[in-house]
Amino acid sequence: MPAELIVALAALVLVLAALAFVVGLWTGHRRLRGRMEELHGRVASLHGDVGTLPDRMARLSGQVEALDGQVSEIVEAPLIARAMVHPRRVALVLNPIKAEADSVRQRVAAAVRQSGLPELEVYETTVEDPGQQMARDAVAGGADVVIAAGGDGTVRFVAEELAGTDTTLGVIPLGTGNLLARNLKFPLEDLDACVNTALHGTARQIDSIDIKVETTDGTTVRNTFLVIAGAGMDAEVMGDTRDDLKVKAGWLAYGEAGMRHLPGSRKEISVSLDGGAPQRRKVRSVMVANCGELTAGMDFVPEARFDDGLLDVVMLSPRHVGDWIRIAAKTLTKSRHKIPVMETHQATRCRVVLHEPMAAQLDGDAIGEVRSIDARVRPDSLRILVPASDVPDSAAAPTMKPESVPEEHV
Ligand SMILES: [Mg+2]
């Protein structure tokens, strides 16, 4: 090959190599520019994302708070369920001899209609059955709220059927004493407010007390009460209060009977608390209380609370008028100071043997003479609708431990 050709070919190769280098450089530059632009775009987008970060953090924080609220609601759900009852079907157990009976029937039926609930079922009590079968029929008919409209007796018999069940008790107090309603701060003078409470009140659990008495013919009778049961003077007064005076003078009628029964002899009893050894006493009256407010705002047993899981045993042993004055002063001043003629003890169950028969009463209803009383508290056994502003839960109050009965010579 001639030397000129070799030089020409080498020059060509060099030119081609230079061209390839230039083309490669140009292509690489373009690719780099593309990548740079892409990177720039991504940086700009990232910058935009950083800009919206505070807003997104705020949104996330809001979502966390909402979630926290939902968790709190779930935690508090049992309390809310306790406080709110939405009746599905309401029944009324009514004592038809009460003066306001017809008015109550109409008002409750109207309130039930206004609430969009199924038509009210009404069950009237009779002399033979003051409420038990009616309450059973109401529950069997599907009622989840059973309203007892009448005196403490009607409330007691309906409560006896509802205690220990999921059915809620409503109360429309139409009696003379209205002891339970008084203790739960019902607006006794306002019938419409009581009707509203019986349907839309706040639900709370209260204790009921199971009682077993042995009558003078040896029969054993079992009942439930909610306020106070007793034997002795308290029962004599309840059994001897004139009905005509009750209508005319209300609770003052009990005062009239009380004055007549003040003089009277003390009787011997034996009391045992929580299965302890029986202790002998001589009393004018022995009572078992679930709550202690009586008529006219008299708080007879200030320690007694209807949701503390305890019953309060009260023994009155006055010898003369001076002792009665001491008891009256303690009661009227709501004093917790202990006096010897008014002995009080707390327990979950008690047995009282009356060495000679004594007249007895349950929540103000005289039940005749009995030989013994056995009482046992059923804590939180009854769900009842009460006014929104009723007395606070016992959980907030100081608790008292059951104590033993000290020895005393009588
Ligand atoms: Mg109690």
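Two strands are treated as paired if DSSP finds at least two bridges between them, and helices (H or I, at least four residues) and strands (E, at least two) are DSSP runs numbered from the N terminus. The legends below concern a predicted model, in which local features need pLDDT of at least 70 and side-chain atom pairs count only at pLDDT 80 or more, whereas totals for chains, interfaces and linings use all residues. Residues are numbered from 1 along each chain as its sequence is written.

**View 1. Overall composition of the protein.** The secondary structure comprises 10 helices and 14 strands. Of the 410 residues, 34% count as buried; a residue is buried if 20 or more other C-beta atoms lie within 10 Å of its own, exposed if 12 or fewer, and partly exposed in between, with C-beta atoms placed from the backbone. Two residues are in contact if their C-beta atoms, placed from the backbone, lie within 7 Å. Among contacts with a separation of 6 or more, 71% involve residues 24 or more positions apart.

**View 2. Strand β11 and its two partners.** Strand β11 (residues 311-316) is largely enclosed by the rest of the structure, because six of its six residues are buried. Burial extends to both faces, with L311, V313 and M315 on one side and D312, V314 and L316 on the other. Strand β10 (residues 285-289) pairs with β11 in the antiparallel sense over five bridges, and A289 is placed opposite D312. Strand β12 (residues 342-347) also pairs with β11 in the antiparallel sense, over six bridges; here Q346 is the residue opposite D312.

View 3. V288 belongs to strand β10 and counts as buried because it has 27 C-beta neighbours inside 10 Å. Its C-alpha atom is separated by 6.3 Å from that of V314, 26 residues apart along the chain. Neighbours within four places in sequence aside, V288 is in contact with I209, A229, G230, L311, V313, C350, I373 and A375. With the corresponding neighbours left aside, the contacts of L311 are I209, V288, A289, N290, A347, C350, A375 and V377.

**View 4. The largest nonpolar core.** A nonpolar core is a set of buried Ala, Val, Leu, Ile, Met, Phe, Trp, Tyr and Cys residues joined through C-beta atoms within 7 Å. The largest such core holds 85 residues, of which V93, V146, I147, V158, V171, V288 and L311 touch the most other members. Strand β14 (residues 365-386) gives the most to this core, contributing eight residues. At least three residues of the core come from each of domain 2 (90-200) and domain 3 (208-380 + 388-396), the domain bounds being taken from an automatic or database domain assignment.

View 5. Strand β3, helix α4 and strand β4 form a right-handed β-α-β unit; a crossover is right-handed if, with the strands pointing away from the viewer, the path from the first strand over the helix to the second runs clockwise. Strands β3 (residues 145-150) and β4 run parallel and are joined by six bridges, with I147 opposite G170. Helix α4 (residues 152-162) is mostly covered, 10 of its 11 residues being buried, among them V155, F157, V158 and L162. Just after α4, G164 adopts a positive phi of about 85°.
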